[in-house]
Amino acid sequence: MKHNSMHQWHKEHNKRVAEFHKKHAAQVANGENGNGNGWLAKLETSFFNKVLVPLKVVK
């Protein structure tokens, strides 16, 4: 396998992952993650609001 083709594929993959995480962070900020009733969704929202939002304010 040529490394150039693998490198290009990995760059494209990283772009898709970065876009997904931006979209998902926006959904969590709006309270639209999953159905919102699950334990994991509530944990993710509380972590986002209590940890990540204050860190963004400090930066």
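Residues are numbered from 1 along each chain as its sequence is written, and side-chain values use heavy atoms, with hydrogens and water left out. In this predicted model, local features need pLDDT of at least 70 and side-chain atom pairs count only at pLDDT 80 or more, whereas totals for chains, interfaces and linings use all residues.

The chain has two helices and zero strands. Both kinds of element are DSSP runs numbered from the N terminus (helices: H or I, at least four residues; strands: E, at least two). Helix α1 covers residues 3-29. Helix α2 covers residues 39-58. Of the 59 residues, 8% count as buried. Here, buried means under 20% relative accessible area, exposed means over 50%, and partly exposed lies in between (1.4 Å probe, protein chains only). The accessible surface of the chain comes to about 5,300 Å². Carbon and sulfur atoms account for 62% of that surface. Areas come from the Shrake-Rupley method with a 1.4 Å probe; for residues, only the protein chains shown count as cover.

Thr45 belongs to helix α2. Its relative accessible area is 19%, so Thr45 is buried. A polar atom of the Thr45 side chain lies 2.9 Å from the backbone oxygen of Ala41. Leaving aside residues up to four places away in sequence, Thr45 touches Val28 and Asn33. Contact means heavy atoms within 4.5 Å.

Thr45 and Ala29 are 16 residues apart along the chain, with their C-alpha atoms separated by 7.4 Å. For Gln27 and Thr45, the sequence separation is 18 residues and the C-alpha distance is 9.6 Å. For Ala25 and Thr45, the corresponding values are 20 residues and 9.7 Å.

Gln27 lies in helix α1. Gln27 is partly exposed because its relative accessible area is 27%. Beyond residues up to four places away in sequence, Gln27 touches Glu32 and Asn33. At 28% relative accessibility, Ala25 counts as partly exposed.

Ser46 is placed in helix α2. Ser46 is partly exposed, with a relative accessible area of 27%. Ser46 and Gly31 are 15 residues apart in sequence, and their C-alpha atoms are 10.0 Å apart in space.

A nonpolar surface patch is formed by Phe47, Val51, Leu52 and Leu55. Together these residues have about 330 Å² of accessible area. Patches are made of residues with over 30% relative accessible area and no salt bridge; nonpolar side chains (Val, Leu, Ile, Met, Phe, Trp, Tyr) are joined within 5 Å, and like charges within 9 Å. A salt bridge places a side-chain nitrogen of Lys or Arg within 4 Å of a carboxyl oxygen of Asp or Glu. Leu52 is found in helix α2. Its relative accessible area of 32% makes Leu52 partly exposed.

Key:
A polar contact is a pair of N or O atoms within 3.5 Å; within protein, one must be able to donate a hydrogen and the other to accept it, and residues adjacent in sequence count only if both atoms are side-chain atoms.
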